[in-house]
Amino acid sequence: MSSGKSILVDTSRCTACRGCQVACKQWNGLPGTKTKQRGTHQNPEDLSFETFKVVRFADGRTEDGKTYWYFFSDQCRHCIDPPCLDAIAGHVEGGGVRDESTGAVLYKDPAGKAPFEEVRAACPFNIPRQNPKSKALIKCTMCFDRITHNMPPACVQSCPTGAMVFGDRKEILELAAKRVEELKKSYPKAMALNPDDVRVIYIVTDDPKKYHEFAAA
Ligand code: SF4
Ligand code: SF4
């Protein structure tokens with residue numbers, strides 16, 4: 001297999017405009033989700049069968065009393081060795097695949113024969129969701145229909161700040177390492193999350209748990 005593709009999500013450059021979230025819905029023909037005010041700008045509340053990408057908002061105070069407000073554009077990480085596919089394969093042969101050329105992780109179980117809770121529990125990032133009608137498991141496809149036609153994923157294309165970058169995995173890994181080194185000068189805790197294990201690589205400037213419970217594996 002080639003080294004495939006990767007996405008870098010540099011949260012230090014994210015302004016939480018949610019362009020990526022909307023672009024994902026638009027490209028995938030997903031409807032808006034009815035929500036209510038919950039005392040946060042995060043909207044909708046979580047990923048779902050009709051929301052493959054959600055910008056998470058987290059705020060609080062650091063140990064030295066400073067306020068933080070972090071944004072985390074959450075989605076499937078397209079793991080190098082995807083535990084969700086192992087869980088599906090135990091029940092549905094060929095129910096999920098990892099594309100050879102790009103590395104995108106795709107579900108192929110439209111009848112929803114794989115047990116949802118078992119697959120969801122297998123994912124270290126709590127990503128898979130289920131269509132309540134068809135029972136099919138669903139998540140981000142890395143915009144497989146775009147990336148196999150020389151277009152970047154819709155979320156990456158929409159990002160106005162350069163927080164998201166798509167490219168060959170080797171180049172994205174090099175870019176991530178370089179950016180972390182730059183950020184460490186101002187943010188000693190800066191790090192890339194699970195870069196050896198995932199294709200969607202997040203950079204954070206603080207403890208990943210402050211961004212989201214499942215930010216890092
Ligand atoms: S992040 Fe979760 S759903 Fe996505 S490939 Fe990895 S294990 Fe599967
Ligand atoms: S489009 Fe870019 S800046 Fe806007 S929320 Fe998404 S990652 Fe952040």
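Biologist: Which residue of β8 stands opposite V9?

Modeller: The general idea is that strands of a sheet pair through backbone hydrogen bonds, either parallel or antiparallel. In this predicted model, V9 faces M164 of β8. The strands concerned, β1 and β8, run antiparallel and are joined by five bridges. Two strands are said to pair if DSSP finds at least two bridges between them. Strands (E, at least two residues) and helices (H or I, at least four) are DSSP runs, numbered from the N terminus.

Residues are numbered from 1 along each chain as its sequence is written, while chains are lettered from A and ligands numbered from 1 in the order in which they are written. In this predicted model, local features need pLDDT of at least 70, side-chain atom pairs count only at pLDDT 80 or more, and totals for chains, interfaces and linings use all residues; side-chain values use heavy atoms, with hydrogens and water left out.

Biologist: In which sense do β1 and β10 pair?

Modeller: They pair in the parallel sense, over four bridges. Within this pairing, L8 stands opposite I201 of β10. Strand β10 (residues 200–204) also pairs with β9, here in the antiparallel sense and over two bridges; A192 lies opposite I203 there.

Biologist: What is the order of the strands in this open sheet?

Modeller: The order of the four strands is β8-β1-β10-β9, and the pairing is mixed. The edges are held by β8 (164–168) and β9 (191–192); each has a single partner strand, so one side of each lacks a neighbour in the sheet.

Biologist: How many residues of β1 are buried?

Modeller: Buried means under 20% relative accessible area, exposed over 50%, and partly exposed in between (1.4 Å probe, protein chains only). Five of the six residues of β1 (residues 5–10) are buried, so the strand is largely enclosed by the rest of the structure. Over the chain, buried residues make up 47% of the 217 residues.

Biologist: Which backbone angles deserve a second look?

Modeller: Most residues other than glycine have a negative phi, and most peptide bonds are trans. A16, in the loop between β1 and α1, has a positive phi near 60°. R18, found in the loop between β1 and α1, has a positive phi of about 70° although it is not a glycine. A16 counts as buried because its relative accessibility is 13%, whereas R18, at 23%, counts as partly exposed. As for peptide bonds, a cis bond joins N43 and P44, with omega about 0°. P44 belongs to the loop between α1 (19–28) and β2 (54–61).

Biologist: Which residues surround ligand 2?

Modeller: A residue is near a molecule if one of its heavy atoms lies within 4 Å of it. The shell around ligand 2 includes A16 and R18, together with C14, C17, C20 and C159 among others. M164 also belongs to this shell. By class, the shell has eight nonpolar, three polar and one charged residues. Ala, Val, Leu, Ile, Met, Phe, Trp, Tyr, Cys and Pro count as nonpolar, Asp, Glu, Lys and Arg as charged, and the others, Gly among them, as polar.

Biologist: Which residues come nearest to ligand 1?

Modeller: Of the 15 residues around ligand 1, the nearest are C76, R77, C79, C84 and C123. The elements that give two or more residues to this shell are α2 (83–89) and β5 (105–107). The shell divides into 12 nonpolar, one polar and two charged residues.

Biologist: How much space lies in the largest pocket?

Modeller: Rolling a probe the size of a water molecule over the atoms shows where empty space is left. The largest pocket holds about 180 Å³. A pocket is an open set of points on a 1 Å grid over the protein atoms alone, where a 1.4 Å probe fits, with protein on both sides within 12 Å along at least five of seven lines; lining residues have an atom within 4 Å of a point. Grid points are joined across faces, edges and corners, and the volume is the space filled by probe spheres set on the points. The lining includes Y68, Y70, Y187 and K210. It comprises three nonpolar, three polar and four charged residues.
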